[in-house]
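Student: Could you take me through one part of this model closely, namely the side of one chain that touches its partner, and say how far the prediction can be trusted around it?

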Amino acid sequence: MRLKQKGPAGIADDPEAFEAFYRRHFDAVTRFLARRVGDPHAVADLTAEVFLAVLDSAHTYRPGKGSEIAWLYGVTRNTLLAERRRSARELRANSRVAGRRLLESDDVARLEDRIDAESPARRAMEAMAGLPENERALMELVAVDGLSPAEAAAALGIRQGTARVRLHRARRALQRIPGVVPPLVMEGQR
Amino acid sequence: MNDTFEDRLLAALKADMAARPARATAPRRVTGRRLFAAAGVLGVAAAAAVAVPMAIGADTPAYALTKNADGSINLKIREFRDPDQVERDLAGMGVTADITYLPLGKWCGNLRITPVQGDNFSFTPEEIASKDPAVKARMRKRLESSISYKAIEPRNGITIHPEYIKPGQVVVIDVAENPVEPTVDNPGVSWQMRGMLSAGPPEPCQIVDQPGASEIGDATPPPGS
């Protein structure tokens, strides 16, 4: 099958383009989730939800407004926040694709490895827990998820100038936490 | 084929994509009118292709694969959205199957099978292009007398008759479903299916565009249907 390099905007009605997008970003999405969710089954459910959300909202992607991965992390983050608002049971009952039902024992083991591998990132996020919400969200995307400040701003739908100010504040605040050394870049997974 | 969670999730998402616009529309009235269209290639044809306009309800629940009292197996279109699951289920019933699920407008450009004995019918280009009801009836008769058609019958969804399938033969089914449910006011092809027996493992589907997939002509059923 010929794989087209097509941005998110055109993937919702083009299975080949969607497949190419999915294969490009599947790992990044599961890693992003594994940094924030400790249960492989929940990671599987959320991965399914994220790509369903991608299909639902592909038309909202604007190439000029940041990279594909920034847009995708924005979608992933919103999916995660929505999931935290609802109960997990409700999420499963309403989902069109139940991620955990597609898991076999090998997959569970792979996801557990991934979750383990992300434990330094989780520690870093714990260190940021005391920051105000808007600074923390930005700092996570930059320091833990490896987005540039401009990409993180796009993912959160805020202006780049605003992002820079918040990051500056967050870094100053973190310098005062014993044991946390800025800039806290744990990895640059892209 | 689908070995990991990544692959299985992709298959499920693609199935969801195919179902997507259909979900957005309200349930529609359904008529049972069928258009029978035979496709074949001069010399090598062993394909039974059936285009079914307006035959499937929009809100039909997913069916279970059912085994009938006479030993035949019944498959409904919605099951094809998870082709690997259908393959596994059929394997559990002793039938080796290779199922490809596509959106309408795409089609497998290659004849994926090794023809089995009893399937050596072919159509000439004149026959395929003919609008003469008598020619169509002859083509239909030839198609229906083939082993593939007997084994993979396009009736009540698809009815598989294991008694026509010899050991080692593979049931190859290509399905293209229209994501937009045709209606009486806006008729179109609901889904297309091609069912063939292969004497050995089939080739993978080479996906090609099929721009005319939704054209149903005058949708006149052939005589006797």
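Tutor: In this predicted model, the mean pLDDT (the predictor's confidence in each residue, from 0 to 100) is highest among the elements of chain A in α1(A), at 91, and lowest in helix α4 (residues 88-94) of chain A, at 60. Over residues 178-190 of chain A the pLDDT is below 50, although this stretch has 24 contacts in the model beyond near neighbours in sequence; two residues are in contact if their C-beta atoms, placed from the backbone, lie within 7 Å. Chain A as a whole averages a pLDDT of 79, with 79% of its residues scoring at least 70.

Because the model is predicted, local features need pLDDT of at least 70 and side-chain atom pairs count only at pLDDT 80 or more, while totals for chains, interfaces and linings use all residues. Residues are numbered from 1 along each chain as its sequence is written, and chains are lettered from A and ligands numbered from 1 in the order in which they are written.

Turning to the part you asked about, 18 residues of chain A are in contact with 13 residues of chain B. On the chain A side, α1 (15-34) and α2 (40-57) each supply at least two residues, and α2(A) gives the most, with six. These elements belong to a chain with nine helices and zero strands, where helices (H or I, at least four residues) and strands (E, at least two) are DSSP runs, numbered from the N terminus. By class, the side of chain A that touches chain B has 13 nonpolar, two polar and three charged residues; Ala, Val, Leu, Ile, Met, Phe, Trp, Tyr, Cys and Pro count as nonpolar, Asp, Glu, Lys and Arg as charged, and the others, Gly among them, as polar.
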